[in-house]
Amino acid sequence: MFNYTFDEGFSKTKSYRIYFSPESSLIIKGTSNVNSFKCEYNISKFSDSLSVNFLENLDIIEFKNTELILPNINFNCGHRGITKDFNKLLKTEEFPQIRIALLRVISLDNSENEAIVSLDITICGISNTYDIPIKVNGNNEVRVQGLLPINIEDFKLEAPTKVLGIIKVSNKIEIDFNLKILKC
């Protein structure tokens, strides 16, 4: 799956430095009763590289201290007003970033390129763990694709309203990711 060898039992912790290709995308999609919106993360704002630490055991990779920090100000919703509302929803002044901790990846028995990834996502100081089906492709590079539907109420967030409550944003959003990961 990640072009790593799986051993019987856990092996020693392995570490790699990776970076995200500019071809990557991470988009938060939402709707209101009037239209839809999408807020795209500026991939060029990812740090130069990310340290990935993991243990392997058969078809499971357990990650240790591997997290991605996304400053909220690096999201662009295509319109200044929507981006401002997005940052207000995320309480950016008090909680300036979203933290995504990679917990584990489990290969599916019947597939070479499908797996389940477990992530711990922290928004506004509230953490929730999600298991997401993903597709993994590549040898020298890894492309990870998936779609995570979440309810903003899971993070104690309240959907914004506009025009005296006439326009209301849905509590359900999707995080659409297509990450091309390269080893340094």
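The lining of the second largest pocket in this predicted model consists, by class, of 23 nonpolar, six polar and two charged residues. The pocket itself holds about 500 Å³ of space. A total of 31 residues line this pocket, and those nearest its centre are F37, I82, D85, P160 and V169.

Several elements contribute to that lining. Helix α1 gives the most, with five residues. At least two residues each come from β2 (25–31), β3, α1, β8 (97–107), β9 (114–123), β12 (161–162) and β14 (172–183).

The cysteines are the next topic. A disulfide is a covalent bond between the sulfur atoms of two cysteines. With a cut-off of 2.5 Å between sulfur atoms, the count for this model is one disulfide. The bond joins C39 and C77, whose sulfur atoms are 2.0 Å apart. The angle about the S-S bond is 105°, and the link of C39 and C77 is right-handed. This pair connects distant parts of the chain, 38 residues apart: C39 belongs to strand β3 (residues 36–41), while C77 sits in the loop between β7 (75–76) and α1 (80–89). Both C39 and C77 are buried.

C124, by contrast, takes part in no disulfide. The cysteine sulfur nearest to that of C124 belongs to C39 and is 14 Å away. Is C124 buried or exposed? C124 counts as buried because its relative accessibility is 8%, and buried means under 20%. C184 has a relative accessibility of 60%, so C184 counts as exposed, the cut-off for exposed being over 50%.

Terms used: Residues numbered from 1 in each chain as written. Predicted model: local features only at pLDDT ≥ 70, side-chain atom pairs only at ≥ 80, totals over all residues. Heavy atoms only, no water. Helix = DSSP H or I, 4+ residues; strand = E, 2+ residues; numbered from the N terminus. Buried < 20%, exposed > 50% of the residue type's maximum accessible area, 1.4 Å probe, protein only. 1 Å grid on protein atoms, 1.4 Å probe; cavity = no way out; pocket = protein on both sides within 12 Å on 5 of 7 lines; lining within 4 Å. Points joined across faces, edges and corners; volume = space filled by probe spheres on them. Nonpolar A, V, L, I, M, F, W, Y, C, P; charged D, E, K, R; others polar.
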